[in-house]
Protein chains: 2
Amino acid sequence: MFNNILIIGCGLIGSSVLRGSFAKKISKNIFVHEKSKKNISVIKKINKKTKFLNKLDGHISKMDLIILCTHMSQYSSIIKKLQKFTSFKNIITDTSSTKSNIVNLINRNKKINDIFIPSHPIAGSEVSGPKHGNKNLFKNKWCIILKNKNKIKLKKVENFWNKLGSKVIFMNAVEHDKIFSITSHLPHLIAYNLVKTAIDFQKKTKKNVIKYSAGGLRDFSRTAASNEIMWRDIFFSNKDNIIQSINIFLKNLNNFKKLINKKNDKDIIKILKSSKKVRKQIIDLKQDISKPNFGRDIF
Amino acid sequence: MFNNILIIGCGLIGSSVLRGSFAKKISKNIFVHEKSKKNISVIKKINKKTKFLNKLDGHISKMDLIILCTHMSQYSSIIKKLQKFTSFKNIITDTSSTKSNIVNLINRNKKINDIFIPSHPIAGSEVSGPKHGNKNLFKNKWCIILKNKNKIKLKKVENFWNKLGSKVIFMNAVEHDKIFSITSHLPHLIAYNLVKTAIDFQKKTKKNVIKYSAGGLRDFSRTAASNEIMWRDIFFSNKDNIIQSINIFLKNLNNFKKLINKKNDKDIIKILKSSKKVRKQIIDLKQDISKPNFGRDIF
């Protein structure tokens, strides 16, 4: 499919791209550019054929596809380095969770803009680092690719994610950032906020509430254990959409509080029942498995 | 251990008590009182030795232990029936998620109050009904039993939950309701509120956001698929504590919004990092498993 591909940043996502690319024989040569020595020693054990590019230098020009898998806050300095050695022959794609900021960043640089097809595989976990990567991480998951006039480059990026098992959807950055502010960014923010609330409550009441977290808090704490640099970057880069989502959430929560206070039976039941319907849709759309959660495997 | 026990209400929790009681040979005879014909046909398949008590009548007097596993909103009418046939020889316990309301209810009735030892096994799932029950549902889970002056009856209830595998903790109702308002009731309410927010957003923007729920919303939707009668009962009966918890949550969320708006790097990172620490504590305290969540089993 390719002669040379380069993965920049090889944590959970990068190492999953690496594993998947080897498994699907996506490229003759697979290069990795990774700063962390600890990560490099893990990556070396994944596949001995992995080639390392210590510096983003002249070798860049030979890369058919470059996949950015770093935190978004590193994109700017990476792009500065890449522009020195890339030409129209190269393709760049990425894996970041917000897209308007990436579009704004590459729009400033015509050379980069002409070869950069942003993408976002909807896959990940609360754990970080290359040891948790998996060749099947992207299998049957959506991958959003931003619409682009260059159909040839677009097709190559589409084929790449298809090979890794993703189901590709094309969107524009504005639409993407709106949708994921509600399905991904707000849920993470709420999870962080709930754990913060439990910490505050524990300090205030001097009761060990964490000890009794199996009753619900545990599930949120998993989401809230996600990488802090990644999520800070997302919250800041999709600020306006996230604040709008928070505002709808706040309005609903204030209403919920009122309904509880008034013991409004009818309206509460309506809200609780509507959630159940959504759950069914989510399972029908294969966005989650239907297996019930008992907190531990009890069977 | 007992000659006769009676399980009133045989859904997820009741049928798990039933299964566990048979597995651990807790009683010579196990009686079930269940209204739903659909549930009864499921229960009959669990164990042929199950005895059914169609009416709460004179047979009640022979029951060594009666375990209430219905929705809390049914307690009042059940207790009215039980008081006719119970004496100091019987013991009643229960499984409800809030306890001050139960204490208030039984306090009005000296006869019942003398034999009722409220308990709350911290176990459950988003699914309902006897087909989802499991003999190991309570294994290694906390069971909170309310402190009681009657040490003999208390010990019997403690032994019962121990036999089913629970780790017993004694508390008073006020303490219980405070702790679980934050570790269980608020998380469920927040999950319902988040799904409601996604529904509102979908209606407003006419974008199919549910389709992309794998990025975080899916986990909340599972929690928000829990039984609506059970959760309405909990929200209403623990109203004051839950409203206090909502208020702390609201204060934190408004602050979070401000920090994002100002792009306050330092304070955001501090919040996100503190959640990670709590997650570690939760796993160390065996309140959840450490296995990462990738949404589907990918291995």
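This is a predicted model: local features need pLDDT of at least 70, side-chain atom pairs count only at pLDDT 80 or more; totals for chains, interfaces and linings use all residues.
**View 1. The contact between chain A and chain B.** Each partner is represented in this contact, with 95 residues from chain A and 95 residues from chain B. On the side of chain A that touches chain B, the elements giving two or more residues are helix 7 (173-205), helix 8 (217-223), helix 9 (228-237), helix 10 (239-261) and helix 11 (265-284) of chain A, and helix 7 of chain A gives the most, with 22 residues. The residues of this side of chain A divide into 49 nonpolar, 24 polar and 22 charged.

**View 2. Helix 11 of chain A and its two faces.** The buried residues of helix 11 of chain A are A:Ile268, A:Ile271, A:Leu272, A:Ser275, A:Val278, A:Arg279 and A:Ile282; seen down the helix axis they fall within an arc of 110°, so they line one face of the helix. Their cover includes helix 10 of chain A together with helix 7, helix 8 and helix 9 of chain B. The face turned away from the buried side carries the exposed residues A:Asp265, A:Lys266, A:Lys273 and A:Asp284.

**View 3. Helix 7 and helix 10 of chain B.** Helix 7 (residues 173-205) and helix 10 (residues 239-261) of chain B pack at an angle of about 65°, with their axes 9 Å apart, and helix 7 of chain B passes helix 10 of chain B in a right-handed crossing. Among the residues that meet are B:Ser181, B:His185 and B:Leu189 in helix 7 of chain B and B:Ser245 and B:Phe249 in helix 10 of chain B. The residues of this contact divide into six nonpolar, four polar and two charged.

Definitions and conventions. Residues are numbered from 1 along each chain as its sequence is written. Chains are lettered from A and ligands numbered from 1 in the order in which they are written. Axes are lines fitted to C-alpha atoms, for helices over the stretch in contact, and angles run from 0 to 180 degrees between N-to-C directions. Helices (H or I, at least four residues) and strands (E, at least two) are DSSP runs, numbered from the N terminus. A crossing is left-handed if the near helix is turned anticlockwise from the far one by less than a right angle, and right-handed if clockwise. Two residues are in contact if their C-beta atoms, placed from the backbone, lie within 7 Å. Ala, Val, Leu, Ile, Met, Phe, Trp, Tyr, Cys and Pro count as nonpolar, Asp, Glu, Lys and Arg as charged, and the others, Gly among them, as polar. A residue is buried if 20 or more other C-beta atoms lie within 10 Å of its own, exposed if 12 or fewer, and partly exposed in between; C-beta atoms are placed from the backbone. The arc is that of the directions from the helix axis to the C-beta atoms.
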